[in-house]
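Hi everyone, thanks for coming.

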Amino acid sequence: MKKIYLETFGCQMNVLDSELVETQLRALGYSFTPALDDADVVLYNTCSVRQRSEQKVWSRLGILKIRKAEDPALVVGVIGCMAERDGAGLMKRMPHVDLMCGPSELDQLPALLENHLKTGKQQHALAGNNSRRTKTLDHAREDPDDGLEALDLARSFSPYEQRFQAYVRIVRGCNKFCTYCVVPYTRGAEVSRSPQVILEEARKLTDAGCLEITLLGQTVNHYAYAHDTQASTSTGPAKQRTTFAELLGLLHEGLPHLPRLRFLTNFPADFGDDILQVMRDSPRICRYLHIPAQSGSDRILQMMNRGYTRDSYLELVGRARRIVPHIQLVGDFIVGFPTETDADYALSRSLAEQVRYKNAFIFKYSPRPGTVGIKRYVDDVPEEIKRFRNNDLLRLQNHISHELNRELLGQVVEVLCDGPSGWGGTNAPSDKDSLIAGSAHQSPVELGATLAAGLSRAGSGMRLDRHGQPYVAPQVTAQRPPDWVQLSGRTTFDQIVVFDGPPALTGRILPVRIREALGMTIFADLAEASDACRTGG
Ligand code: 5AD
Ligand code: SF4
């Protein structure tokens, strides 16, 4: 049977889509290989949020063109947002692409592949326009056996796969139409999945040994599922709605053995106290809120069509901190939006200073074809200014993150051990520490930027940490037993912690005592279970 190489770009939603596509194709007998050269079928699951994400795929497709000329039997497929956004352009520029499948049509991918293998002809399944897509999604809502819903439902749950973390989709698509964003055009209208189906999926994951579930949606707080119930009272049929707060409560209660429940991403408007109260009252819901501001300037927020102001955003931040003690906030910013002045940028900077995010992802504005932004506004902020603002905000955020991490020194926190860490061998940061900005955890779409200042100075030969500061090796405490390796784990606030221990601790939740916070990396030692203290959900 054919071997598939599948590479995923972009957000957690794409990671989940790739997992579901893989499940579906494995069930049909295909196997997967991590080696591109070994594959009979190459699939790229693509992202269109910024031009840079698309460029990576263009260049990979360019290379495959040469290989395909030598090996015409090779099958090349582009799935996800880029296929949906620019199917026609892709076919024209890259005629060697055999398959194209939009994110709303992924249930059709096996049929496309089979058809191509039978006929040798190019195959595509793209929603094409909003009306058809909306119809497809409306259908998905009414009929749980609809293809798209079936894609999520077809997920496999093997206790032997040893997965400790999983994503579960709760809302598809987005209705917000922020002027810079391509997502409503590629993923279509917002549709909430039924709470029963979500609970069932999460329960199967938990039964298979999963310890952390992240609920996914572009705007999870807009989750609203309308049940058509036939009330047997004289008042006639009653329409009952499940809100996001209710869904969280239902999952917390219905999954008593799940230690960690998280959710991504929140929209800063329409965020009720009910959600915060459920977070406060549910000890296994992580006290972690990813809530992108995008800008601190009301004028820019209005041009972005975000529907809130700096003050109302800050009001939400205050409310979240008041209702949910110890909550940690994570943000996104776009710098260099059309017409952004130094004064507008200064407002974003001061917002980051005021909020003190645990972490923030910072992106340079990228005009996207098809959006209102590209039609309405000229991309008039010069690249050097975008880059300067990007690096400046990154430096500020890294400084804040470092300060927040240092507050943890000496504390015992619980981490979910992900396995051997990527640092290599010893409990000290490698040079990678100076190359990655923000957090070792992947951003909502991808790591927003590398810390260019760190990068260029890292080239000078001096070893630097992520802030571009001279690297100081952390003290390595007691001699470690020979079978111990360096492990990494995540706190409930999604901070990466590196510690030494036996590999068998992988997939366990353990107490560790924080010893050192260098740049964005936290170093710790295993602690006794009795030392554990709760620092949040
Ligand atoms: N340019 C730059 N950043 C963007 N994002 C979305 N669209 C664009 C764009 N056109 C960023 C936003 C969003 C994150 C997922 O990606 O900050 O929150
Ligand atoms: Fe894009 Fe998020 Fe705005 Fe939706 S809410 S349009 S996904 S930035």
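Helix H13 runs over residues 342–355, where helices are DSSP runs of H or I with at least four residues, numbered from the N terminus. Its 14 residues reach 20 Å from first C-alpha to last, close to the expected 20 Å, that is, 1.5 Å times one less than the number of residues.

A quick word on conventions: this is a predicted model, local features need pLDDT of at least 70, side-chain atom pairs count only at pLDDT 80 or more, and totals for chains, interfaces and linings use all residues. Residues are numbered from 1 along each chain as written, chains are lettered from A and ligands numbered from 1 in written order, and side-chain values use heavy atoms, without hydrogens and water.

So which residues of H13 are buried? They are Asp344, Tyr345, Ser348, Leu351, Ala352 and Val355, with buried meaning under 20% relative accessible area and exposed over 50% (1.4 Å probe, protein chains only). They sit on the same side of H13, because they cover an arc of only 110° around the axis, taken from the directions from the axis to the C-beta atoms. The face turned away carries the exposed Asp342 and Ala343. Just after the helix, Arg356 has a positive phi of about 55°.

Now, ligand 1. Its polar contacts (N or O pairs within 3.5 Å) include a side-chain atom of Asp332, 2.6 Å from a ligand oxygen. A polar backbone atom of Ser366 is 2.8 Å from a ligand nitrogen.

Note on methods
Helix = DSSP H or I, 4+ residues; strand = E, 2+ residues; numbered from the N terminus. Polar contact = N/O pair within 3.5 Å; in protein donor to acceptor, adjacent residues only side chain to side chain.
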